[in-house]
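Please look over the structure shown below before reading on. The report that follows takes up a strand, a helix, a loop residue and some charged pairs in turn.

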Amino acid sequence: MDGVSTSPTASAAPIAFLKGHGTENDFVIIPDPDNVIDLPARAVAALCDRRAGIGGDGLLHVVRSAAHPEARDMAGEAEWFMDYRNADGSVAEMCGNGVRVFARHLRRAGLVEPGDLAVATRGGVKKVHLAKGPGADDGDITVDMGRAVLPGGEVTVTVDGRATAARNVNMGNPHAVTFVDDLAHAGTLFTAPAVTPATAYPDGVNVEFVVGRGPRHVAMRVHERGSGETRSCGTGACAVAVAAARRDGVDPAVTGEPVTYTVDLPGGRLVVTERPDGGIEMTGPAVIVAEGHLEPAWQATLFG
């Protein structure tokens with residue numbers, strides 16, 4: 001079934017899907033190598049709906065780079081493009097947990113071999129390492145997440161009248177990282193926390209609330225733009241590790257030594273390493289839990 005795509009019309013064969021997660025950050029996966037499935041925002045939102053749909057924090061549209069207008073210029077470097085959508089149907093640049101699940105699907109479907117893999121995203125080409133050997137297909141996956149950008153300027157996050165300073169970190173998508181005394185200070189996260197100034201994030205922002213757990217060990221909660229609070233956020237964990245290192249007075253570019261942080265999230269644990277060259281590696285699990293086809297009548301309501 002993997003790799004099969006169909007034109008989404010009422011008379012078409014049912015569209016294949018899978019469901020997967022990385023540290024409980026979960027995704028609907030739509031294999032569509034030739035990019036023949038048009039995915040309007042309303043269809044994505046319906047697929048990600050946890051009560052009336054399949055349910056997910058986002059959607060991974062699996063397309064060959066050469067077949068997608070946003071990725072054709074990356075096709076020479078990366079065969080596959082992760083066309084990522086938020087749960088509300090909006091388009092997003094990157095998703096760190098999503099990249100691992102995306103790679104797991106490609107390997108499971110026999111579309112790639114173990115070892116190094118390049119994945120095109122709107123945040124650039126990401127390098128993924130799939131371990132080799134017995135049991136490797138169920139093991140952790142490492143993603144080279146690229147470099148963090150630390151824009152200047154003061155940013156403030158406010159929840160329930162409590163304002164805290166935040167660090168602006170860009171991992172190909174925007175983050176506001178704030179350190180708090182208690183993760184309960186994040187509030188319910190049913191709605192997006194207030195972030196000022198608004199000009200710092202014209203396209204919205206992911207907000208991370210962080211507490212210390214020990215030397216180079218932190219825990220976090222996150223509100224992801226377009227999705228609400230999620231059980232995990234890979235790019236957010238990377239942003240948090242960088243912000244924690246700078247808070248601790250550590251910069252690998254200065255020391256010449258890599259620094260590694262363990263980041264605990266509600267859905268599991270990620271390990272993030274920042275190298276002296278600025279590159280950031282994230283390691284964590286990726287699991288495929290189900291696969292099937294959309295029911296034809298429901299599919300027709302989504303795409304009709």
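## A buried loop residue

A residue is called buried when its relative accessible area is under 20%. In this predicted model, Asn-173 has a relative accessible area of 4%, so Asn-173 counts as buried. Asn-173 is found in the loop that lies between strand E9 (162-170) and strand E10 (174-179).

The side chain of Asn-173 makes polar contacts with two side chains, that of His-175 at 2.9 Å and that of Thr-235 at 3.2 Å. When residues up to four places away in sequence are left out, Asn-173 touches Glu-93, Met-94, Asn-206, Arg-225 and Thr-235.

## Helix H3

Thr-235, a partner of Asn-173, is also among the buried residues of helix H3. Twelve of the 14 residues of H3 are buried, including Gly-234, Cys-238 and Val-242. At 1.5 Å a residue, the 14 residues of H3 (residues 234-247) should span 20 Å, and the end C-alpha atoms are 20 Å apart, which agrees with that expectation. Just after H3, Gly-249 takes a positive phi of about 75°.

Strand E4 (residues 80-86) is mostly covered, with seven of its seven residues buried. Trp-80, Met-82, Tyr-84 and Asn-86 point one way from E4, whereas Phe-81, Asp-83 and Arg-85 point the other way.

Strand E3 (residues 58-64) runs antiparallel to E4 and is joined to E4 by seven bridges, and within this pairing His-61 has Asp-83 as its bridge partner. With strand E5 (residues 115-121), E4 pairs in the parallel sense over two bridges, and here Trp-80 stands opposite Val-119.

## Salt bridges

Side chains of opposite charge can pair when their charged atoms come close. The count of salt bridges comes to 19, and one of them joins the side chains of Glu-24 and Arg-231, at 2.8 Å from N to O. Glu-24 lies in the loop between strand E1 (16-22) and strand E2 (25-31) and Arg-231 in the loop between strand E14 (228-230) and H3, so this pair ties together parts that are 207 residues apart in sequence. Glu-24 is partly exposed, with a relative accessible area of 35%, and Arg-231 is partly exposed at 38%.

Glu-79 forms a salt bridge with Arg-64, and their closest N and O atoms are 3.0 Å apart. Because Glu-79 lies in the loop between E3 and E4 while Arg-64 lies in strand E3, the pair ties together parts that are 15 residues apart in sequence. Asp-277 forms a salt bridge with Arg-275, with the closest N and O atoms 3.2 Å apart. Salt bridges that share partners join Lys-19, Asp-26, Arg-50 and Asp-57 into one network.

Conventions
Residues are numbered from 1 along each chain as its sequence is written. This is a predicted model: local features need pLDDT of at least 70, side-chain atom pairs count only at pLDDT 80 or more; totals for chains, interfaces and linings use all residues. Side-chain values use heavy atoms; hydrogens and water are left out. Buried means under 20% relative accessible area, exposed over 50%, partly exposed in between (1.4 Å probe, protein chains only). Helices (H or I, at least four residues) and strands (E, at least two) are DSSP runs, numbered from the N terminus. Two strands pair if DSSP finds at least two bridges between them. The expected span of a helix is 1.5 Å times one less than its number of residues. A polar contact is a pair of N or O atoms within 3.5 Å; within protein, one must be able to donate a hydrogen and the other to accept it, and residues adjacent in sequence count only if both atoms are side-chain atoms. Contact means heavy atoms within 4.5 Å. A salt bridge is a side-chain nitrogen of Lys or Arg within 4 Å of a carboxyl oxygen of Asp or Glu.
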